[in-house]
Amino acid sequence: KEYPYILSKDINDIYRKNNFLYIATNHGLLILDIINEKWELINVSSALTTNHINKIDSKGNILYLSTLKGIAQLSTKINKIIPNNFHGINHRNIYDILIHKDKYYILSEVGLLLFDDGNQYIISNKKFNNIDLFDGKIILSEGNNIFKLVEDNKVEILMKYNNIENFDVCGDYIWMHNKNSAMIYNINTHYKLKYDYSDGILGNIIYDLECNENWVWFNTNNGLSFYNWKQFHNEK
C-alpha cells in the first residue's frame, strides 16, 4: 500500500547509504528516499537486464547488483544504472560479489570467478553460496564446508558443518548457521561451539544471521534474537 510498484514479497537483500534504502527483490530494485518518504523502482525499463536481483554490494558511490543475468552497476549519486565492464557474464546467474583490493570475486552458476584489471579468470568450478573476508583472506561456503582462498588462488577446506545456509566473519571468528542451529568457529584455534533453541535463540528455525565484534543476531521463525557473544561466549 506504500507504493503501487512493490510487486514482490521476496526481499533478497537490503542496503542503506545515507538517506536512501536500496531493496533487492525479484521484481527490481526499490529505492526509498527516507527523508522525503518517496519510492522509486529500477527495473528492466531502467536499463536492468533482469528484474531478479540477488544481492547488493558497494564500493564508493557504486552499488553492484548481482542479478539473474550478470552484474549491474548503479550510481548512488544519481540513482541510475551505469555501464560496466563485466562483459561475458551478462547471461549468467550471479549470486554474490566481494570487492577486495580492486579485485572482484564473483559467485556464479559456473563457479568462483575473478575479475582483475579487465581480465576474467575461473578460480573454481564449485558453486559457492556465500563469500566474506577475514584478515585479507577470502572465506567461502558450499554445502557442508567452509573454505578459504590461499596462495595461487587455491581453495582449501577450513572446517565442516552440516548444511551451511549462511555465515558472517567477525574478528577471528566465523558465525554460521543451518536450518536449526548456529555455530561459532575460532579461525586461529579451530575451537567451535554449537548454539540452538535450547541455548536461548528465540526460534527453532534460523533464516539468517549477522554479527559484529560484540553481538550476533538471528532472524528466526519466532522473531529476532540478539546474543552478546563477546561477553558470554567462553572457550574451554
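**Exercise 1.** Which residues do ring pairs link into a cluster?

*Solution.* The model is predicted. In it, a cluster is formed by Tyr173, Trp175, Tyr195, Phe218, Tyr227 and Trp229, which are linked by ring pairs. The structure has 13 aromatic pairs under the rule applied.

**Exercise 2.** Classify the aromatic pair of Tyr64 and Tyr104, and state which strands hold the two residues.

*Solution.* 
1. A pair of aromatic rings is described by the distance of the centres and the angle of the planes.
2. For Tyr64 and Tyr104 the centres are 5.6 Å apart and the planes make 50 degrees.
3. Ring centres must lie within 6.5 Å, and planes under 30 degrees apart count as stacked, over 60 as edge-to-face. The pair of Tyr64 and Tyr104 is therefore tilted.
4. Tyr64 belongs to β6 (residues 62-67) and Tyr104 to β10 (residues 103-108), so the pair ties together parts that are 40 residues apart in sequence.
5. Buried means under 20% relative accessible area. Tyr64, at 5%, is buried, and Tyr104, at 16%, is buried too.

**Exercise 3.** Work out how β10 is placed between its partner strands.

*Solution.* 
1. On one side, β9 and β10 run antiparallel and are joined by six bridges. Leu98 stands opposite Tyr105 of β10.
2. Two residues separate β9 from β10 in a hairpin, and Lys101 in the turn has a positive phi of about 55 degrees.
3. β10 also runs antiparallel to β11 (residues 111-116), again with six bridges. Here Ile106 has Leu113 as its bridge partner.
4. β10 and β11 form a hairpin as well, with two residues between them.
5. Five of the six residues of β10 are buried, so β10 is largely enclosed by the rest of the structure.

**Exercise 4.** What is the volume of the largest pocket, and which residues lie nearest its centre?

*Solution.* 
1. The volume of the largest pocket is about 1000 Å³.
2. Its lining has 30 residues, and Asp13, Lys55, Asp96, Asn166 and Glu210 lie nearest the centre.
3. The lining comprises 14 nonpolar, seven polar and nine charged residues.
4. Strands that each supply at least two lining residues include β1 (11-17), β5 (53-59), β9 (94-100) and β22 (216-220).

Conventions:
Residues numbered from 1 in each chain as written. Predicted model: local features only at pLDDT ≥ 70, side-chain atom pairs only at ≥ 80, totals over all residues. Heavy atoms only, no water. 1 Å grid on protein atoms, 1.4 Å probe; cavity = no way out; pocket = protein on both sides within 12 Å on 5 of 7 lines; lining within 4 Å. Points joined across faces, edges and corners; volume = space filled by probe spheres on them. Helix = DSSP H or I, 4+ residues; strand = E, 2+ residues; numbered from the N terminus. Nonpolar A, V, L, I, M, F, W, Y, C, P; charged D, E, K, R; others polar. Phe/Tyr/Trp six-rings, centres within 6.5 Å; stacked < 30°, edge-to-face > 60°. Buried < 20%, exposed > 50% of the residue type's maximum accessible area, 1.4 Å probe, protein only. Pairing = 2+ DSSP bridges.
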